[in-house]
Amino acid sequence: MNIGTRKILDRSFTAVGIGSIVVMAFALMIVVVPIVYNGIGAVFFTGTVEHRKMLYSEFKRGDSQELSSEVASSNRYRAKVYEMLTGFEAELETMAPEKKAEYQSKYSQVRTALQSLLGPLPGDPEPMLTRFKYGQTRWEKAEEKLHDLLYESKWDNSNSSVMSKEYFVSRAIGFEGTSLVRLFPYIKDNLENMLLPEFTVYWGFITDSSVDSHFFGGIWPEIQGTFFLAIGAMLFAFPLGVVAAVYFTEYARPGFLNSMLRSANSTLAGVPSIVFGMFGLAFFINTMKVSESKSVIAGALTLAIMILPTIIRAAEEAILAVPKTYREASLSLGSTKWNTIATVILPAALPGILTGGVRSLGRAAGETAPIIFTAAVSVGSAIGLADVFSSPTPALSWNIYNLASEHEAAAQLRHVQYGMVLALVTIVLLLNLSAIVLRARISKKLKC
């Protein structure tokens, strides 16, 4: 191959490599930017007076005098709304039965939209669920509910050859000729005065427990549960993984048994995570009885079995990377084999072993399937160390799935879902960054 052809190939491979990096970076940006933008919105947002009422009522947080002043200011504008409702209800009593029934159906929808926007109306019974005790706590959600109040959704089915198209009709049209028609422009013009939006920094999203299935509050139990499961898995898997790696590299002799063990380790590394979840349920809970039902210890043991092959492989490669001269020098000075492994080989391989361990820790933190049957619950409070042997726990990975796909109000809780995703991505990223920093520091010390 002549020099010109080699230069062309080198440049081509370089261009392909750079192009691949650019494409991967662009794809990563497409995924990460929405997560970061929407996740930050769980902490930094425009909160309403309803949010401040919720914080004081549920968490005893805020200035009671300032809140009372805000509520009084808000109620002055809301009082006009309540007067219009009362006036229209009196007007209903004077209507003919057919017309009254027609307006009552429309009026019921208006009241429901108002309850969602402003909270319970005068005369309503005390709500049983916390979600119905307050109006909209976030200004962007309040604007969506305002649209639902002002407009009624309709569907155009006139063209049978195309799909139905949604369009909106003003609700005020349905109340032409009645006193309630004045309600809609009034609310549109005075919604800010009724909800008093202001920029809010809600660090409680990280430190508070959830209230009423994540309608309010934070995600601290999920963060704590994720750490308990991941660290518990490492406590079991890391020592076993390092010992197994030492056996494979220093003691195992070539043969059928060694081949079978290596093959089993490689096979375990490729087993789907849901299989580990089923195994954890069948073995640790039903057979070994480590707990009566779901618990942190059962989930941690299941995650430990799942990440064990990765730790073994990483530790094995780190040990094999230690120069043979280290072994030979130690043995030539009269050291025993075990002393050589403990004082020479393992310290030299420590950066690689720790890197593999921390990366496995990040994987354990992000897994969902293994903990579905063994440890995770959808709703729960933060648990203590004494409860890990008997109690299940919420976890970020499982609750993200649960909120996004199974929660009855998934569309209303997008900020919570994105906040959980951002928290999980941040935890995994920090774990991997810590592995890089730890490896660099240990390698520097060993060189010195």
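**Entry 1**

I started with isoleucine 30 and found its place in helix α1. My helices are DSSP runs of H or I with at least four residues, my strands are E runs of at least two, and both are numbered from the N terminus. The model is predicted, so I kept local features to pLDDT of at least 70 and side-chain atom pairs to pLDDT 80 or more, while totals for chains, interfaces and linings use all residues. Residues are numbered from 1 along each chain as its sequence is written, and side-chain values use heavy atoms, with hydrogens and water left out.

Which surface patch does Ile30 belong to? I found Ile30 in a nonpolar one, together with Phe26, Leu28, Val31, Val32, Val36, Ile40, Phe44, Phe199, Val201, Trp203 and Ile206. Together these residues have about 1100 Å² of accessible area. The elements giving two or more residues to this patch are α1 (3-40) and β4, and α1 has the largest share with seven residues.

For the record, patch members have over 30% relative accessible area and no salt bridge; like charges are joined within 9 Å, and nonpolar side chains (Val, Leu, Ile, Met, Phe, Trp, Tyr) within 5 Å. Accessible areas come from the Shrake-Rupley method with a 1.4 Å probe, and for residues only the protein chains shown count as cover.

**Entry 1: the negative patch**

Glu143, Glu144, Asp148 and Glu192 form a negative patch. Asp and Glu count as negative here and Lys and Arg as positive, with His and the chain ends not counted. The place of a charge is NZ of Lys, CZ of Arg, CG of Asp or CD of Glu.

Which helix gives the most to this patch? I got α5 (residues 139-150), with three residues. Glu192 sits in helix α6 (residues 183-195). With a relative accessible area of 52%, Glu192 is exposed; my cut-offs are under 20% for buried, over 50% for exposed and partly exposed in between (1.4 Å probe, protein chains only).

**Entry 2: helix α2 and its surroundings**

I then turned to helix α2 (residues 49-59), where Val49, Glu50, His51, Arg52, Met54 and Leu55 are buried. What do they pack against? My list has β1 (44-47), α3 (64-92), α4 (97-118), α6, β4 (198-201) and β6 (216-217).

Glu50 makes a salt bridge with Arg78, with the closest N and O atoms 2.8 Å apart. Because Glu50 lies in α2 and Arg78 in α3, the pair ties together parts that are 28 residues apart in sequence. Both Glu50 and Arg78 are buried. By salt bridge I mean a side-chain nitrogen of Lys or Arg within 4 Å of a carboxyl oxygen of Asp or Glu, and the structure holds 18 of them.

Glu70, in helix α3, is buried too, at 13% relative accessibility. Leaving aside neighbours within four places in sequence, Glu70 is in contact (heavy atoms within 4.5 Å) with Val49, Arg52, Leu196 and Glu198.

**Entry 3: two lysines with positive phi**

Lys60 follows α2, in the loop between α2 and α3. Its phi is positive, about 55°, although Lys60 is not a glycine. I noted this because most residues other than glycine have a negative phi. Is Lys60 buried or exposed? At 64% relative accessibility, Lys60 counts as exposed.

Lys289 is not a glycine either and has a positive phi of about 60°. I found Lys289 in the loop between α10 (273-287) and α11, exposed at 58% relative accessibility.

Arg313 and Glu317 meet in a salt bridge (3.3 Å, N to O). Both lie in α11, four residues apart, about one turn of the helix. Arg313 is partly exposed at 44% relative accessibility, and Glu317 is partly exposed at 44%. Which residues make up the salt-bridge network? I noted Arg262, Arg313, Glu316 and Glu317.

Beyond its neighbours within four places in sequence, Ala318 is in contact with Ala349, Gly352 and Ile353. I also checked Ala318 against Met95: they are 223 residues apart in sequence and 86 Å apart in space, C-alpha to C-alpha.

Arg363 is partly exposed at 31%, whereas Glu367 is buried at 14%.
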